[in-house]
Amino acid sequence: MAKNLLIVESPAKAKTIEKILGSDFEVKSCYGHIRDLEKDDMGIDVKKNYAPRYIVPEDKQKVVAELKKLAKKSDEVWLATDEDREGEAISWHLCEVLGLDPKVTKRIVFHEITKPAIQAAVLNPRTVDLNLVNAQQARRIVDRIVGFELSPVLWRKMSMRNSLSAGRVQSVAVRLIAEREREINAFNTTSNFKIEAFFAAKDINGKNVTFKADGSRQNTTEDAERFLQSCAGAAYKVKDIQVKPARKSPAAPFTTSTLQQEASRKMGYGVSKTMLLAQRLYESGYITYMRTDSVNLSDTAITDTKAQIGKQFGDKYVQVRKYKNKNESAQEAHEAIRPTYMENSSVPDSDARRLYELIWKRTMASQMADAELEKTTAKIDISTNKAELNAQGEVMKFDGFLKVYMEDHDDDEEIEEEDTEGMLPPLRVGQTLEFKEMKATERFSRPLPRYTEASLVKKLEELGIGRPSTYAPTISTILKRGYVEKRDKEGVKRNIRILLLSHNKISKLTEQETTGAEKSKLFPTDLGLVVTDFLKEYFGDVMDYGFTASIEQEFDEIAAGKTLWTKMVDGFYKPFKKDIENTLETAERIKGERELGIDPVSGKRVIARMGRYGPMVQIGEINTDNEEEEKPRFAKLKAVQSIETISLEEAMELFKLPRNLGKFEGEDVLINIGRFGPYASHNKKFYSLNKDMDPYTVELEEIAPMIAEKRIAKDERTIKVFEKEKIQLLKGPYGAYMKQGLRNFKLTKEQQERAADLTIEEAKQIIEEIKANPPKKKAGRKK
């Protein structure tokens with residue numbers, strides 16, 4: 001038995017560290033958090049100074065029991081959970097559960113899982129930092145208060161299933177996405193005309209080349225035509241040439257936020273995928289800790305990086321740089337994300353390799369020399385109207401850090417519209433240029449793009465909302481709750497007008513371009529929009545960006561030992577509780593409806609609104625005074641439609657369902673949309689439509705073979721059916737199971753083996769037993 005027990009959070013980390021420390025240490029994992037707040041009554045005693053009531057979840061009891069047994073047998077217990085506040089809190093919970101004294105129990109932290117770092121940490125242990133624990137505890141309690149107090153308000157004020165919930169940071173994130181969507185919907189596109197003239201000249205080798213010069217933009221097609229007309233027959237002479245040196249500097253090493261952004265831009269990774277791969281790299285000893293808002297590199301790291309740059313590219317590429325944080329409260333860790341050993345330009349892990357190479361390149365580039373450029377600007381006079389054109393060229397004199405890495409940009413950043421300028425041919429002042437043609441091309445203004453996961457993280461960070469450990473869970477939560485969805489948007493074709501001046505004649509052309517196409521963007525759902533409006537109206541503080549950021553600063557003050565956590569929680573809770581009580585008393589039910597117009601057939605009002613199962617359109621209203629009056633008609637919105645933007649014409653199209661496509665095998669085939677999406681009904685059976693089928697346009701020729709295929713597949717899966725009780729015994733990928741209505745019931749191994757022989761009485765008994773003793777859901781764990 002090893003003398004020392006060292007506890008970490010993950011099994012992968014445990015294996016790596018155990019190899020380093022040898023036989024004196026037994027390294028075990030606690031698998032993330034081992035305790036959480038009780039579910040009953042928030043798990044917080046508000047009257048006793050917000051005292052939390054923690055329990056060990058059922059799925060962690062086995063782990064805790066094993067750790068207790070090992071702790072008793074060990075001479076000393078060491079805590080080596082992650083170095084952020086979450087990790088500090090886990091160490092404290094371990095002390096509480098294992099009966100350890102947090103004032104003397106050895107706590108070690110490290111930024112990287114390498115032999116020198118682990119050995120140095122063991123030589124310099126500290127104790128649990130209760131200020132960091134209290135900061136995490138305050139965050140957990142405030143978030144629990146918001147969730148438990150606010151969610152029931154939504155249940156009571158909105159006619160939806162009781163899955164509605166609200167969170168402190170999540171609600172603000174949804175607000176950002178909702179406001180961007182409304183900005184896009186309200187945006188009025190304008191156009192102007194870009195002027196480009198093309199000239200011929202000889203390059204340094206005497207070859208004829210074409211280069212471009214830009215003129216002032218023209219506001220209207222008339223202005224553009226007038227300008228081109230005024231250039232007919234003109235002579236074009238070089239008036240001035242300026243050559244200026246320019247430099248480009250590398251970006252700082254990665255923080256959690258910038259890694260998420262760049263992995264999204266360069267590789268299309270979602271925030272959760274990036275963090276999953278980064279954690280794997282960290283636990284395998286390849287990179288430093290992946291939750292950090294620091295851009296600092298240690299002296300050792302700088303020395304190693306400098307040596308690697310010199311070895312690979314030569315000393316002229318080396319430029320040592322010290323980066324400073326813009327964010328004064330950077331506290332989650334003390335170093336940027338970087339490789340542990342710079343000589344490793346790649347890793348064997350095929351899944352995580354691309355992310356590792358991105359981190360390696362960014363770290364290398366951060367200590368490399370500036371790229372040196374030479375920018376040439378030539379001013380060209382037009383003889384007929386005294387206007388001026390500008391031709392620009394750029395030549396790379398020294399590539400510097402660009403030899404390794406170039407940072408990408410988000411859609412909404414101000415960058416040049418066209419590709420980077422190439423090299424201009426040799427020109428001289430006074431030179432008359434050979435004119436080829438001039439174009440006036442229509443260009444349209446664009447709204448800011450919708451957020452990607454990574455650009456949302458960037459915005460949250462800019463506003464001071466959330467911390468490195470909260471970004472990925474925040475985005476996962478708003479997607480899971482159905483307030484936001486991540487999807488692609490197809491572009492639409494639009495005409496662009498082009499005027500062309502060639503041989504002193506102007507011709508008019510029309511071309512097409514695709515606009516509005518977006519990939520993996522965050523769209524607010526109608527539910528997200530409605531809930532956001534309600535929370536903004538009645539809970540202004542919770543939805544306020546500045547207030548949410550100030551809460552984060554208060555957590556930082558608790559972590560620094562400047563504020564008592566109970567005082568901070570009390571300052572938040574009391575006014576928040578008043579808002580809850582006032583809203584329950586005075587707020588009207590959330591309608592989330594918009595009037596679209598009048599149904600031309602019935603003359604009844606048409607509205608788009610939130611229904612129990614999502615957004616829908618309604619014709620007519622329920623008349624409680626006259627029960628004989630025709631009931632309202634309802635239709636579900638398409639996935640790409642929204643209450644806020646749907647038109648009356650689009651709404652009326654939705655009432656074309658159900659559609660009768662005709663007869664198949666002597667029975668009508670009806671197409672409709674139900675609670676679980678579009679379906680076909682045939683001979684009293686229901687078949688979900690394939691994903692590529694549009695219920696409004698699909699025809700019998702497509703549906704008939706689909707029904708036949710699904711029927712065969714169902715027959716092959718069916719073991720036994722009790723028609724009267726609507727109970728089926730079916731084959732699944734993991735063996736036989738039972739289905740009643742829409743609910744599935746798992747069978748034991750013995751029941752699966754004799755599924756074909758089960759009687760109706762036995763089937764009913766199995767269902768009753770499962771309903772009486774439902775299987776426990778596995779609790780999620782940190783990471």
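**View 1. Strand β14 beside strand β16 in this predicted model.** Four bridges join β14 to strand β16 (residues 492–502), and the two run antiparallel. Within this pairing, T441 has I498 of β16 as its bridge partner. Strands here are DSSP runs of E with at least two residues, while helices are runs of H or I with at least four residues, numbered from the N terminus. Two strands count as paired if DSSP finds at least two bridges between them. The model is predicted, so to speak, by its own rules of confidence: local features need pLDDT of at least 70, side-chain atom pairs count only at pLDDT 80 or more, and totals for chains, interfaces and linings use all residues. Residues are numbered from 1 along each chain as its sequence is written, and side-chain values use heavy atoms, with hydrogens and water left out.

**View 2. Strand β14 with strands β9 and β11.** Strand β14 (residues 432–444) also pairs with β9 (residues 191–202), in the antiparallel sense and over ten bridges. Look for A200, whose bridge partner in β14 is E434. Strand β11 (residues 236–248) pairs with β14 over two bridges, again antiparallel. Here K237 has T432 of β14 as its bridge partner.

**View 3. An open sheet of four strands.** The strand order is β23-β24-β25-β26, with antiparallel pairing. At the edges sit β23 (659–664) and β26 (685–688), each pairing on one side only. Neighbouring strands are turned by 30° against each other on average, direction ignored; axes are lines fitted to C-alpha atoms, for helices over the stretch in contact, and angles run from 0 to 180 degrees between N-to-C directions. Five bridges link β23 to β24 (residues 667–674), and N660 finds its bridge partner in L670 of β24.

**View 4. Helix α19 across the sheet.** Helix α19 (residues 700–717) lies across β23, β24, β25 (677–682) and β26, and runs at about 65° to β23. Contact means heavy atoms within 4.5 Å.
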